[in-house]
Amino acid sequence: MVGHKILEDEALDILFREARTYRAWQKRDVTEVLIKAVYDLAKLGPTAANCSPARFVFIQSAEAKARLQPHLDKGNVDKTMAAPLTAIIAYDTQFYELMPELYPQAPKARDWYAGKPATIEDTAFRSSSLQGAYLMLAARALGLDCGPMSGFNKEGINKEFFADGRYQVNFLCNIGYGDNTGMPVRGPRLSFDQACQVL
Ligand SMILES: Cc1cc2nc3c(=O)[nH]c(=O)nc-3n(C[C@H](O)[C@H](O)[C@H](O)COP(=O)(O)O)c2cc1C
C-alpha cells in the first residue's frame, strides 16, 4: 500500500496557522482564471451523496457591488466595498434534480430528497456550508485571503440575486489579497480537552 502524502509545514501555515480573517484589502484584482482555479479545487470537497448543493455568485463589478451594499449590516459595508471580490455562497433548493448526473450509482437518489422540504433544507445547508469552507481553504491554498460574513439581510440578498426563490444565500465571503495593517491578535481557540472527546 502506498503511504499517504502529508503537507509540509509551509502549507499548513498558509492554510491554517498564519491564515487570518481579513477585513482590509490591497488594491489588487483577483483574475477570472484564479477564481476558476479556486472553484476547481473547492468542488472536489465531499458533500452528502455528492449532491454538491452550493452555488457561488462572485460579485466583482461596481454595479454588482452596488446591488449587494444595501443588504449588508453596517459593520460589513466598508470592508465589502473595498474587497476585490465577494462570493455569495448559496445553495440550490432543487439540487436533487442533478442527482442522476452526480450520483449515478444510486438511480433513486433524487427521491431521497424530492418533495421533502426539511430534508432538502438540512442537506443543502449542511453540504453548502462545507463547500463554503472548501472554497475558503482553496482560496488560501492559491495565495488569496478570505473574510467570511454572516452579517447581512438574508431576505434582501435572496430577493436581489435569487428572485425566483430557487437559490438561497448561506453566507458571504470577501476574497482578495488581505492588508494586515491593524489586524487584531488572533482570538483564542478551544483546547482539545474543551472541544473534543475521544470515546
Ligand atoms: C460564518 C462566519 C460569519 C462571520 N460573520 C462576520 C461578519 O458578519 N462580520 C465580520 O466582520 N466578521 C465575520 N466573521 C469573521 C469571524 O469573526 C472570524 O473569522 C473569527 O473571529 C476568526 O478570526 P481569525 O480567522 O482572524 O482567527 C465571520 C466568520 C464566519 C466563519
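Select Ile 88 first: opposite it, in S4, stands Leu 172. Strands here are DSSP runs of E of at least two residues, helices runs of H or I of at least four, both numbered from the N terminus. This is a predicted model, where local features need pLDDT of at least 70, side-chain atom pairs count only at pLDDT 80 or more, and totals for chains, interfaces and linings use all residues. Residue numbers start from 1 along each chain as its sequence is written.

Next, select 85-92 and 167-176. These are S2 and S4, paired antiparallel over 8 bridges; pairing takes at least two DSSP bridges between two strands.

Now show the whole sheet. It is open, with 4 antiparallel strands in the order S1-S2-S4-S3. S1 (54-59) and S3 (145-149) are the edges: each has a single partner strand, so one side of each lacks a neighbour in the sheet.

Move to the ligand. Around it lie Arg 20, Thr 21, Arg 23, Asn 76, Pro 148, Met 149, Ser 150, Gly 151, Phe 171, Arg 186 and Gly 187.

Zoom out. The protein has 8 helices and 4 strands. From the N terminus, the elements run α-α-β-α-α-β-α-α-β-α-β-α. Along the principal axes, the C-alpha atoms fill a box of roughly 55 × 50 × 35 Å.

How values were computed
Near = placed C-beta within 6 Å.
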